[in-house]
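Welcome, and please open the model in your viewer.

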Amino acid sequence: ASHTAVDDGKMAAPMTSTTSVIENENILYDIFINEEWPQDPEPVGKTEKPRGSLWQRATSTAKRSLWTIVRGSGLPLGSAVSCILPTGLVKMINSQLTWKTALSANGKLLAILQDQCIEIRSSRDEFSTVIGKCNFPKDPCPQWCCVTWSADCTMIASADSHGNVYVSDLMGVLLFTINSTSGRSPSDENTPIELSAAVCSLIFTEYKQTTEWSSELLVITYQGTLHSYLVSETNGYRDNHVFTNVCGYYPNGVSAVMYHAPHQMLIVGGCCP
């Protein structure tokens with residue numbers, strides 16, 4: 001059997017029977033759930049009705065309306081520092097999932113960055129068993145975290161929303177911590193969060209100049225600062241160089257960075273003024 005289609009009074013070429021069979025064929029896939037993480041329920045408190053005079057009730061209603069506008073703007077709650085990033089970018093990142101995943105280059109190891117830890121799973125048992133785990137303080141803005149593997153699959157680098165970088169091995173043992181240049185630690189709850197200091201991209205590149213260092217780690221923040229570190233499992237890390245502005249075309253910060261290994265090229269994206 002063949003089918004024809006008519007568009008604007010013109011007859012289209014008939015389709016062959018082979019094409020028709022392929023398009024009408026139904027393919028069924030079996031999906032197996034190897035692991036499931038139940039989300040912790042968020043406590044929902046009862047909203048009390050405002051009491052008192054008409055002025056008090058009107059003031060309470062205005063405060064609730066202002067609070068709704070602030071939450072809908074995408075700005076981090078509790079932050080008193082003005083953010084140079086575009087509002088649209090902040091909203092987009094805040095709407096992302098709080099957990100991040102990264103698959104090793106050989107496809108055999110999976111790193112799952114959660115709110116307070118990293119789980120490492122192996123393909124030997126279909127990623128159903130945790131072979132390593134690294135704990136760290138809970139992040140107030142987990143959407144702004146990121147995680148990546150080194151090219152040789154021996155190290156995992158993750159960054160929190162403050163810009164601090166944690167490097168561990170495939171068993172979850174913390175090798176070293178690179179503190180953020182913003183000077184804010186996760187335990188300091190009184191210091192406001194500056195989201196432009198969060199890490200936009202973590203990139204491992206090959207380093208073969210000396211045997212002391214196995215890789216180069218590029219840490220690029222949303223404000224456009226690039227830090228290069230020489231890293232290894234045994235020797236820790238060492239500052240290599242820093243660029244205060246990766247690309248001068250984006251004064252409002254960068255939104256995405258990719259690395260093209262064959263040409264050793266960084267591809268930077270951002271919002272133009």
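Start by selecting Leu202 and Val219: Leu202 stands opposite Val219, which lies in strand 12. This is a predicted model, in which local features need pLDDT of at least 70 and side-chain atom pairs count only at pLDDT 80 or more, while totals for chains, interfaces and linings use all residues. Numbering runs from 1 along each chain as its sequence is written, and side-chain values use heavy atoms, leaving out hydrogens and water.

Next, show strand 11 together with strand 12 (residues 215-221), which pair in the antiparallel sense over seven bridges. Pairing here requires at least two bridges found by DSSP, and strands are DSSP runs of E with at least two residues, numbered from the N terminus.

Now widen the selection to the open sheet of four strands, ordered 11-12-13-14 with antiparallel pairing. Strand 11 (199-206) and strand 14 (236-243) are at the edges with a single partner strand each, so one side of each has no neighbour in the sheet. On average, neighbouring strands of this sheet are turned by 20° against each other, direction ignored; the axes are lines fitted to C-alpha atoms.

Then pick Ser215, in strand 12. Is Ser215 buried or exposed? Ser215 is buried, at a relative accessible area of 5%; buried means under 20% with a 1.4 Å probe, counting protein chains only, exposed means over 50%, and partly exposed lies in between. Show its contacts (heavy atoms within 4.5 Å): leaving aside residues up to four places away in sequence, Ser215 touches Met155, Phe204, Thr205, Tyr207, Tyr229, Leu230 and Val231.

Finally, zoom out: of the 273 residues of the protein chain, 35% count as buried.

Terms used. Axes are lines fitted to C-alpha atoms, for helices over the stretch in contact, and angles run from 0 to 180 degrees between N-to-C directions.
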